[in-house]
Amino acid sequence: MDIAILGGTGDIGEGLALRLAYHTNHAVLIGSRDAEKAENKAGEYETELDSRGVETTIDGGANADVATLADVVIVAVPPYYVTDTIEAVAADLDAGDIVVTPATGMDRDDDGFHYAPPPAGSVTEHAASAVPDGVELVGAFHNLAAGRLANLDADLGVDTFVVGDDDDAKGIVTDIAEGIADLRVLDAGGLGNAAEVESLTPLLINVAANNDGLHDLGLELK
C-alpha cells in the first residue's frame, strides 16, 4: 500500500517512516507543510536505510501532494495540529482511504506530564470530526517511544493499540503495523475507548523520567 506520513519529518513520523520502510514492502511517502523539508528528510531516510542494505525509494512533498497518492494517511503531528492538518488535505482523500492518528494531548507541570484531552474526550475522537465522508479514522501508535522506534538497532518487543469504529479499517492498520518486527497490535475497541489508550502515554513518560535506566518505555501485555 501507499502510506503517507504527514509530519513525517518529526520524531514519531521519522520512527514510523524508518520502521515501515525497513520492515515492510509498503511505499512510504513523507509529507510536510514545507515540501522541500519533506524531500530532504526523505533523502536522509533513504540514506539511513541504504547503509543497512535496504534499497528503497521514499518520496517527499507537501502534505496535500502525498495524501492524494496514499491509501493510508498517518497524521504524525502534535495534537493541536491534527484536525487542521486533516482538514487541509480532506479534498485530497478518496473514499476508502484511512486516516490514522497517534496523537495524545498532554500538559506538563512540576510533577510531570498529565493527560489533557480535548472536549471531544480524546484527540482521536476530535480528529474524527475532521475526516470527510467515506474515509475511516483509526487511532494507533499512541504509546510508542519515538526514540526507540527510530533506532533501527533497537528491538521493539512492545504492544500498540488500535481503536476505530470500522473493523475493516482497523484490520488494514493492524496488518500494516504488524509488518514492523516485534510490534504486536491489540484491538482496544471503538473510538470511544481512545481516551484510555491515549492516557497511557504520559504515564510511560513519567515512569521513564523517575526511574534510572528506563528510557523509551513501551508496553508489553502478558
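This is a guided tour of a predicted model, one selection at a time.

**Before you start**

Residues are numbered from 1 along each chain as its sequence is written, and side-chain values use heavy atoms, with hydrogens and water left out. Because the model is predicted, local features need pLDDT of at least 70 and side-chain atom pairs count only at pLDDT 80 or more, while totals for chains, interfaces and linings use all residues.

**Stop 1: the largest pocket**

Select Asp-11, Ile-12, Ala-76, Val-77 and Pro-78. These residues lie nearest the centre of the largest pocket. A pocket here is an open set of points on a 1 Å grid over the protein atoms alone, with protein on both sides within 12 Å along at least five of seven lines. Lining residues have an atom within 4 Å of a point. The pocket has 39 of them. Its volume is about 970 Å³. Volume means the space filled by probe spheres set on the points, with grid points joined across faces, edges and corners.

Now colour the lining by class. It divides into 21 nonpolar, 12 polar and 6 charged residues. Ala, Val, Leu, Ile, Met, Phe, Trp, Tyr, Cys and Pro count as nonpolar; Asp, Glu, Lys and Arg count as charged; the others, Gly among them, count as polar.

Which elements give two or more residues to this lining? They are α1 (11–23), α4 (82–89) and α9 (200–210). Helices (H or I, at least four residues) and strands (E, at least two) are DSSP runs, numbered from the N terminus.

**Stop 2: helix α9**

Select 200–210. α9 gives the most to the lining of the largest pocket, with 5 residues. Thr-201, Pro-202, Leu-204, Asn-206 and Ala-208 are buried in this helix. Buried means under 20% relative accessible area, exposed over 50%, and partly exposed in between (1.4 Å probe, protein chains only).

**Stop 3: the nonpolar cores**

Select Ile-5, Ile-74 and Phe-141. In the largest nonpolar core, of 37 residues, these touch the most other members. Such a core is a set of buried Ala, Val, Leu, Ile, Met, Phe, Trp, Tyr and Cys residues joined through side-chain atoms within 4.5 Å. α1 gives the most to this core, with 6 residues. Apart from it lies another core, of 26 residues, including Ala-4, Val-77, Val-135 and Phe-161. In soluble globular proteins, nonpolar side chains tend to be buried together.

Centre on Ile-5. Contact means heavy atoms within 4.5 Å. Leaving aside neighbours within four places in sequence, Ile-5 has contacts that include Leu-16, Leu-20, Val-28, Ile-30, Ile-74 and Ala-76.

**Stop 4: the cavities**

The structure holds 2 cavities of 30 Å³ or more. A cavity is a set of grid points where a 1.4 Å probe fits but cannot get out.

Select Ile-3, Val-72, Ile-74, Val-100, Phe-141, Val-173, Ile-176 and Ala-177. They line the second largest cavity, with a volume of about 40 Å³. β4 (72–75) and α7 each give two or more residues to this lining. The largest share, 3 residues, comes from α7. The lining has 8 nonpolar, no polar and no charged residues.

Move to the largest cavity. About 60 Å³ of space lies in it. Its lining includes Asn-143, Arg-148, Leu-156, Asp-216 and Gly-218. By class, that lining has 6 nonpolar, 2 polar and 2 charged residues.

**Stop 5: the salt bridges**

The structure holds 6 salt bridges. A salt bridge is a side-chain nitrogen of Lys or Arg within 4 Å of a carboxyl oxygen of Asp or Glu.

Select Lys-170. Is this residue buried or exposed? Lys-170 is buried, with a relative accessible area of 5%. Its side chain meets that of Asp-187 in a salt bridge at 2.8 Å, N to O. Asp-187 lies in strand β10 (residues 183–187) and Lys-170 in helix α7, so the pair ties together parts that are 17 residues apart in sequence. Asp-187 counts as exposed, at 53% relative accessibility.

Asp-167 is exposed, with a relative accessible area of 61%.

Finish on Glu-48 and Arg-52. Their side chains meet in a salt bridge at 2.7 Å, N to O. Glu-48 is partly exposed at 28%, and Arg-52 is partly exposed at 28%.
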